[in-house]
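This report describes how parts of one protein chain pack together. Look at the sequence and the structure before reading on.

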Amino acid sequence: MANEPWLDDDEQKAWRSYLLMRRTLETHLARHLQREFGLSESDFEILVNLSESETGRMRAYELGEATQWEKSRMSHHLTRMEKRGLIRKEACEARYPEIVLTDEGLAAIKACAPGHAGRVREFFIDVLGKDRVAALGEAAEDVVEAVEKHQRTDCPPEVRGCG
């Protein structure tokens, strides 16, 4: 760990460029999903997770782990998605219901996923190229691993995701 907490000029420039890139790309992709398909980023994230599960169903806590959302946010969002017919809650043997991808939800993800992937390719994959995408992927994994290690070793168990 560096002795100096401040970033030098090059580090500051790289960090701010990363933040601007992330916000710009996320905003563009979110607007595309909303405008073309009537889905929010949050809708898309839930639909992706459910559609990629083997059974098209998951427990809410599993979705919470996959998305890193707080329990209340997940609960409210699932209620909104259920009202729109994208998912349904189904009773099961366990205490809490399973979240199930409906036919409407599956149709929605099938309709928007190709266009979304195309935008990601156009504005991220093709811009960076194969080598930089690979390097960025490795760097991202390293950062996530460092944060997770910090949370496992430096955070009290009762504090979820402490800083």
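The model is predicted.

| Helix pair | Angle between axes | Distance between axes |
|---|---|---|
| H1 (residues 9-37) and H5 (residues 103-154) | about 150° | 11 Å |
| H2 and H3 (residues 60-67) | about 115° | 11 Å |

**H1 and H5**

The angle of about 150° between H1 and H5 is over 145°, the cut-off for this class, so the two helices count as roughly antiparallel. The crossing of H1 past H5 is right-handed. On the H1 side, the contact is made by Leu25, His28, Leu29, His32, Leu33, Arg35 and Phe37. On the H5 side, the residues are Ala111, Cys112, Gly115, His116, Arg119, Val120, Phe123 and Phe124. Sorted by type, the residues of this contact are nine nonpolar, four polar and two charged.

**H2 and H3**

For H2 and H3 the angle is about 115°. The range from 65 to 115 degrees counts as roughly perpendicular, and H2 is therefore placed in that class relative to H3. H2 also passes H3 in a right-handed crossing. Glu45, Ile46, Asn49 and Leu50 of H2 touch Leu63, Ala66 and Thr67 of H3. This contact comprises four nonpolar residues, two polar ones and one charged one.

**The nonpolar core**

In soluble globular proteins, nonpolar side chains tend to be buried together. In this model, the largest nonpolar core contains 19 residues. Which residues have the most contacts inside it? They are Ile46, Leu47, Leu50, Leu63 and Leu78. At least two residues of the core come from each of helix H2 (41-52), helix H4 (71-83), strand S3 (98-101) and H5. H2 gives the most, with four residues.

Apart from neighbours within four places in sequence, Leu63 is in contact with Ile46, Asn49, Leu50, Met58, Met74, Leu78 and Ile99. Among these, Ile46, Asn49 and Leu50 belong to the H2 side of the contact between H2 and H3.

**Threonine 24**

Threonine 24 and isoleucine 46 are 22 residues apart along the chain, and their C-alpha atoms are separated by 22 Å.

Methods: Residues numbered from 1 in each chain as written. Predicted model: local features only at pLDDT ≥ 70, side-chain atom pairs only at ≥ 80, totals over all residues. Heavy atoms only, no water. Axes fitted to C-alpha atoms, helices over the stretch in contact; angles between N-to-C directions. Parallel < 35°, antiparallel > 145°, perpendicular 65-115°, else oblique. Left-handed = near helix turned anticlockwise from the far one by under 90°. Contact = heavy atoms within 4.5 Å. Nonpolar A, V, L, I, M, F, W, Y, C, P; charged D, E, K, R; others polar. Core = buried A, V, L, I, M, F, W, Y, C linked by side-chain atoms within 4.5 Å. Buried < 20%, exposed > 50% of the residue type's maximum accessible area, 1.4 Å probe, protein only.
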